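Visitor: I would like to go through the labels used for this structure one at a time. Please set each value against its definition.

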Amino acid sequence: GLFDAMAVCLEAGVVDMMGRMVEAGKEDRLSPAIAARMQGEGNTRRILLATDGDYNVAGGVFFTQKDVRELKLAKGAVRAAVELLLRECGLEVGNLSAVLLAGAFGNYIRPASALRMGLLPPMEPSLIRGVGNAAGAGAMLALLSLPWRRKVCEIARQAEHIELAQRADFQQMF
């Protein structure tokens, strides 16, 4: 939901590409309906997403400047990791036949929102798929099927662990 909110706010001009919400007093750049939902100033800036009357939400649901900052950090880490891993493997986005996003994070994110906010490099949205609990599904396959267990063991032997957080190029890219 936060990625969707960010994508919509970027499209509507509520948030700029640097991650700043439109300043108080400059809402004339926004549609009147969206401008009417803007509140606060500076670090307390926020947009009302849903009101009591819309969804029986006590006090309303807001997307805040703080939410934007936290999303920027998460997005920056993921995007830097993707870019660095592609470089490490000698690949470009065009070489990919699919991007599988695992776990609850990947299962519920809308590809268009991930692309709009820059979480992933520009690519065809149809390449991005949520696969749910991939680790759990893989573990079950390995436990229940000898051929799958062999395949998993072979993949594990070929896999290389890359500790991104300790790398200077990751820190610089982030």
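Guide: Glu 27 is found in the loop between H1 and helix H2 (32-35). Helices here are DSSP runs of H or I with at least four residues, strands are E runs of at least two, and both are numbered from the N terminus. This is a predicted model, in which local features need pLDDT of at least 70 and side-chain atom pairs count only at pLDDT 80 or more, while totals for chains, interfaces and linings use all residues. Residues are numbered from 1 along each chain as its sequence is written, and side-chain values use heavy atoms, with hydrogens and water left out.

Visitor: Why does Glu 27 count as buried?

Guide: Buried means under 20% relative accessible area, exposed means over 50%, and partly exposed lies in between, with a 1.4 Å probe and protein chains only. Glu 27 has 19% relative accessibility, so Glu 27 counts as buried.

Visitor: What does Glu 27 touch, not counting residues up to four places away in sequence?

Guide: Glu 27 touches Ala 35, Met 38 and Arg 45. Contact means heavy atoms within 4.5 Å.

Visitor: Why is Gln 65 called buried?

Guide: The relative accessible area of Gln 65 is 7%, so Gln 65 is buried. Gln 65 has its place in helix H4. Leaving aside neighbours within four places in sequence, the contacts of Gln 65 are Gly 19, Arg 20, Met 21, Gly 42, Asn 43 and Arg 45.

Visitor: What makes a set of residues a nonpolar core?

Guide: The residues must be buried Ala, Val, Leu, Ile, Met, Phe, Trp, Tyr or Cys, joined through side-chain atoms within 4.5 Å. The largest such core has 28 residues, and those with the most contacts inside it are Met 6, Val 14, Val 15, Met 21 and Phe 63. Helix H1 (2-12), helix H4 (65-89), strand S4 (99-102) and helix H6 (111-116) each supply at least two residues of this core. H1 gives the largest share, 5 residues. A second, separate core of 5 residues includes Ala 80, Ala 81, Leu 164 and Phe 170.

Visitor: Which residues is Met 6 in contact with, leaving aside its neighbours within four places in sequence?

Guide: Met 6 is in contact with Val 15, Phe 63, Val 68, Leu 71 and Met 117.

Visitor: How do you know that strand S2 and S3 pair?

Guide: Two strands pair if DSSP finds at least two bridges between them. Strand S2 (residues 46-50) is joined to S3 by 4 bridges, and the two run antiparallel. The open sheet of 3 strands has the order S1-S2-S3, with antiparallel pairing. Strand S1 (38-39) and strand S3 (61-64) are the edge strands, as each pairs on one side only.

Visitor: How do S4 and strand S5 run, parallel or antiparallel?

Guide: S4 and strand S5 (residues 128-132) run parallel and are joined by 4 bridges. Leu 100 stands opposite Arg 129 in S5.

Visitor: Why is the contact between Asp 16 and Arg 20 called a salt bridge?

Guide: A salt bridge needs a side-chain nitrogen of Lys or Arg within 4 Å of a carboxyl oxygen of Asp or Glu. For Asp 16 and Arg 20, the closest N and O atoms are 3.6 Å apart, and the pair forms a salt bridge. Asp 16 has a relative accessible area of 32%, so Asp 16 is partly exposed. A search of the whole structure finds 10 salt bridges.

Visitor: Why are Arg 79 and Glu 83 separated by about one helical turn?

Guide: Arg 79 and Glu 83 are separated by about one helical turn because they are 4 residues apart in helix H4. Their salt bridge has its closest N and O atoms 2.8 Å apart. Arg 79 counts as partly exposed because its relative accessibility is 21%.

Visitor: Why is Arg 157 called exposed?

Guide: Arg 157 has a relative accessible area of 60%, so Arg 157 is exposed. Arg 157 forms a salt bridge with Glu 154, with the closest N and O atoms 3.0 Å apart. Glu 154 counts as partly exposed because its relative accessibility is 34%.
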